[in-house]
Amino acid sequence: MNEEKLPLKNEIKKSLVPQSPLKSLRTYQGDIEAVIGQKNISIASIAIAEERRREHNREEIPTPSLQVKNKLFLTIGSILLVGGCVVVGVFYYIRSHSTTLVQVRTETLINYSKEIIVPTKNTSREELIRLITQNKKYLDLPVNSILYLSPGTLTPDVQNVIDFIAPNAPTLFSRSLDPDYMIGIYAYDVDAPFILLTTSDYARTYSGVLKWEDGMVSDLGEIFSIPNQTVSTPYVFHDESIRNKDLRFIRDQNDKTILVYGFLDPHTLLITQNENVFTALLGKFITTKMVR
């Protein structure tokens, strides 16, 4: 009876003893070892398989192809190149434009308000006179302003100019002149043309201009709008003194001065339309010399 009870008691004790958890615990390392043991797979094979799996996953991520990248870089490079060219072009355009706006003024015997080119090369005498009278007629400058009629960059010799506009002037007169001269229009009570000539030989120039008086009206009449005079009553020059300057002038039938000339100083001869213009230009001449 006792022997039958002992096995039962032993079974009860075994059931009451707690089982160790280590036998039921499964690990990743254990699984790997089991696979290796069952299928004879090496650790190197597992590492290779794992690397292939990772590469496969990377291939599934969409990435731009090399061709697309090249096109993108080419497009960006082209945009930068075109933009750089545009910037450089705009810079040089503004620079050149600014240079056109800041032009160096031509130094003349009297300061002027505006300059226009009146070419004398390959131009007939009639065309030159027409250009002068046209600018006088349509002068749009304010009162007390001067329009400089520039011959251009290639300034012709003064003797050629005198021979061109004053064919009746004696050679003695034209050869006595210095290179500097100025032709312009002064805006005053009338828009009056003027001619400024320079000389280093006052005596020869004065003697030459006196001899020119017989043909001066014929040469300059159209420029200064002098009416044609009949042979029976020709124009005659008279003497006059203004501001201590000796002048020679002619008047029309209404006793209005229509042409006057005189020396502003011993080196500068002025030919213009009347005494008022002569006096105004004398003041500008003095002011210009003082500034310089």
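**Inside: the cavities**

Start by selecting strand 4, residues 191-199: with three residues, this strand gives the largest share of the lining of the second largest cavity. (Strands are DSSP runs of E of at least two residues, helices are runs of H or I of at least four, and both are numbered from the N terminus.) This is a predicted model, where local features need pLDDT of at least 70 and side-chain atom pairs count only at pLDDT 80 or more, while totals for chains, interfaces and linings use all residues. Numbering runs from 1 along each chain as its sequence is written, and side-chain values use heavy atoms, with hydrogens and water left out.

Now show the whole lining of that second cavity: I132, I165, I183, P193, F194, I195 and I223. Its seven residues are nonpolar, with no polar and no charged ones. (Nonpolar here covers Ala, Val, Leu, Ile, Met, Phe, Trp, Tyr, Cys and Pro; charged covers Asp, Glu, Lys and Arg; the others, Gly among them, are polar.) The space inside is about 30 Å³. A cavity is a set of points on a 1 Å grid over the protein atoms alone where a 1.4 Å probe fits but cannot get out, and lining residues have an atom within 4 Å of a point. Grid points are joined across faces, edges and corners, and the volume is the space filled by probe spheres set on them.

Next, select V118, T120, L128, I132, L149, S150, P151, V161, Y181 and I183, which line the largest cavity. Helix 5 (125-137), strand 2 (146-150) and strand 3 (177-187) each give two or more residues to this lining. Here you get eight nonpolar residues, two polar and no charged, around about 100 Å³ of space.

Jump to R248 and D239, another salt bridge, with the closest N and O atoms 2.8 Å apart. Are these ends buried or exposed? R248 counts as buried at 14% relative accessibility, whereas D239 is exposed at 58%. (Buried is under 20% relative accessible area, exposed over 50%, partly exposed in between, using a 1.4 Å probe and protein chains only.)

Last stop: R251 and D255, bridged at 3.8 Å, N to O.

Notes
1 Å grid on protein atoms, 1.4 Å probe; cavity = no way out; pocket = protein on both sides within 12 Å on 5 of 7 lines; lining within 4 Å. Salt bridge = Lys/Arg side-chain N within 4 Å of Asp/Glu carboxyl O.
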